[in-house]
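Please read the following report alongside the sequence and the model.

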Amino acid sequence: MSDVAEAVADRDRGADGDGRPAVGKDPGAGERHAWDLGGWWDLYFTGTMLGMVLLALVSGDPDGRWLPASLTAGVIAVYYAYGRRLLLLDGSDWDLPRSLVLSALLLLCILPAVLLNPNLTFMLIAVAPLCFMTCGSAVAVPTVAVVLLLPGPVRGLAGTEEWNTVLVTALVHGAIVGYALWFGRWFELIVEQSYERSELIAELRESRSEAVRLSEESGAMAERERLAREMHDTLAQGLTSIVALTQAVESELDSDPATARRHLALMRETAAENLAEARAMVAARQPAPFAAGDLEAILARITARLGDELAATAHSRVEGSPAHLTNDLQICLLRTAQEALSNVRRHSGARRVEVVLGYTEACVELTVSDDGRGFVPGEVSAGRGLANMGHRAASVGGTLDVEAAPGSGTTVRMSLPSAGASVPGRTLTGPTSHETHEERIP
């Protein structure tokens with residue numbers, strides 16, 4: 001593959017020669033090199049230079065028109081053989097050795113042509129932009145200066161042009177060179193800033209993509225944790241209760257059919273509620289119990305059911321004036337009560353259980369206490385119950401405290417701000433280290 005073809009391929013795939021994204025380009029964005037003007041530039045340059053060839057054939061010395069015309073045509077050949085490849089190279093920095101080679105090739109064709117036919121100076125309207133785009137102002141300005149300023153003194157020394165005319169022409173061309181120097185450098189700064197901006201945009205897009213990815217992962221993880229807590233606090237507890245009731249029914253079928261039937265009714269009720277919970281979670285709605293009654297009634301029902309299952313004294317009560325609670329706070333209190341009662345069912349062996357829902361001006365407090373076995377604070381277990389309760393409390397700005405001692409029962413207390421205020425006298429954190437023993441006692 002030729003050098004030009006390779007350069008075109010690099011441009012089309014938006015990458016350097018090694019296949020990596022080019023500097024200052026956003027992969028997949030379809031951006032082009034700053035000087036890649038497409039086929040219009042090729043058309044402009046070729047058309048202009050062919051016009052200069054025609055000018056060389058119709059002006060100047062009638063006996064020597066073919067030489068400047070041939071030199072002008074040579075500029076076209078230099079462009080397509082070498083200059084166009086430099087034009088298509090990606091990057092904001094110019095290769096000085098290649099730029100000097102191109103400048104030398106152009107001067108070898110242009111200088112003799114302009115010396116033979118001054119009218120051909122007009123070819124700079126195509127050659128000058130080519131030099132600035134491929135070589136940069138550091139090489140382009142001297143190249144243009146040589147073409148504009150050198151032929152006049154040479155013609156003056158040869159006696160083909162008056163020195164007054166040479167001086168005036170030199171002043172005009174000098175002003176043009178000065179303007180070219182200023183304008184070329186200013187334009188280069190714009191191009192450099194464009195490349196820097198392109199790099200920043202590419203980095204911003206990458207950062208934004210990474211932020212979106214991390215946000216999606218975080219959201220997915222949060223949703224998995226939420227579902228895990230919901231399943232642990234509802235379905236898993238219900239299934240545990242059903243298993244325990246099944247074991248009780250197996251031992252009561254022959255000896256106490258009435259009690260067995262009562263436990264079967266509890267199993268049916270628990271299974272129905274778990275089914276409703278599962279459907280609610282699938283539909284992403286609020287917990288099913290809230291559709292049937294308020295929080296106080298639900299707490300009374302699940303507490304009474306625990307008493308029926310354990311044949312223990314279990315009751316609930318409300319202290320203070322009930323206040324309106326948001327759905328999130330009600331869910332948090334209900335799930336905490338369910339988890340605490342589940343722990344009582346599985347571990348405590350309690351004969352008395354009390355659930356208290358207390359309202360104050362600043363907070364609402366749920367207390368679940370029992371007279372069961374208790375446990376040693378600080379012991380670690382693999383259970384997630386207390387951790388889930390702590391996460392729930394922290395998620396709504398509340399706290400969770402657990403008090404326990406071997407043989408003295410357990411008290412779980414959750415305090416939540418009822419109107420967005422901080423819980424008085426408490427630090428709003430998750431469960432403390434002494435709560436991580438949950439579910440260790442068989």
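**Basis and overall make-up**

This is a predicted model, in which local features need pLDDT of at least 70 and side-chain atom pairs count only at pLDDT 80 or more, while totals for chains, interfaces and linings use all residues. Residues are numbered from 1 along each chain as its sequence is written, and side-chain values use heavy atoms, with hydrogens and water left out.

The protein chain holds twelve helices and five strands, where helices (H or I, at least four residues) and strands (E, at least two) are DSSP runs numbered from the N terminus. Of its 442 residues, 43% count as buried; buried means under 20% relative accessible area, exposed means over 50%, and partly exposed lies in between, with a 1.4 Å probe and protein chains only. The accessible surface of the chain comes to about 22,800 Å², and 61% of that belongs to carbon and sulfur atoms; these areas come from the Shrake-Rupley method with a 1.4 Å probe, and for residues only the protein chains shown count as cover. Among contacts (heavy atoms within 4.5 Å) between residues at least 6 apart in sequence, 72% join residues at least 24 apart.

| Helix pair | Angle | Axis separation |
|---|---|---|
| α11 (residues 327–348) and α12 (residues 385–395) | about 165 degrees | 10 Å |
| α5 (residues 124–135) and α6 | roughly 155 degrees | within 7 Å |
| α4 (residues 96–116) and α7 (residues 151–158) | about 45 degrees | 10 Å |

Angles under 35 degrees count as roughly parallel, over 145 as roughly antiparallel, 65 to 115 as roughly perpendicular and the rest as oblique. A crossing is left-handed if the near helix is turned anticlockwise from the far one by less than a right angle, and right-handed if clockwise. In the description of contact residues, Ala, Val, Leu, Ile, Met, Phe, Trp, Tyr, Cys and Pro count as nonpolar, Asp, Glu, Lys and Arg as charged, and the others, Gly among them, as polar.

From α11 the contact draws on Ile 331, Cys 332, Arg 335, Thr 336, Glu 339, Ala 340 and Asn 343, and from α12 on Gly 385, Met 389, Arg 392 and Ala 393. These residues divide into five nonpolar, three polar and three charged.

Helices α5 and α6 are likewise roughly antiparallel to each other, but α5 passes α6 in a right-handed crossing. The contact involves Leu 124, Ala 128, Cys 131, Phe 132 and Cys 135 of α5, which meet Ser 137, Val 139, Ala 140, Val 141, Thr 143, Val 144, Val 147 and Leu 148 of α6. Eleven of the residues in this contact are nonpolar and two are polar, with no charged residue.

Helices α4 and α7 are oblique to each other, and α4 passes α7 in a right-handed crossing. Here Leu 111, Val 114 and Leu 115 in α4 meet Pro 151, Val 154 and Arg 155 in α7, a set made up of five nonpolar residues, no polar residue and one charged residue.

Val 147 lies in helix α6 (residues 137–149) and counts as buried because its relative accessibility is 3%. Not counting residues up to four places away in sequence, Val 147 touches Leu 107, Ile 110, Leu 111, Val 114 and Leu 124. Its C-alpha is 10.0 Å from that of Leu 106, 41 residues away in sequence.

Thr 121 is placed in the loop between α4 and α5 and is buried, with a relative accessible area of 18%. Leaving aside neighbours within four places in sequence, Thr 121 is in contact with Val 114 and Leu 148.

Val 166 lies in helix α8 (residues 163–252) and is buried at 6% relative accessibility. With residues up to four places away left out, Val 166 touches Gly 152, Pro 153, Gly 156 and Glu 161; the C-alpha atoms of Val 166 and Gly 156 are separated by 6.6 Å.

Leu 357, in strand β2 (residues 352–359), is buried with a relative accessible area of 2%. Beyond residues up to four places away, its contacts include Leu 295, Leu 299, Arg 317, Leu 333 and Val 364.

Key:
Axes fitted to C-alpha atoms, helices over the stretch in contact; angles between N-to-C directions.
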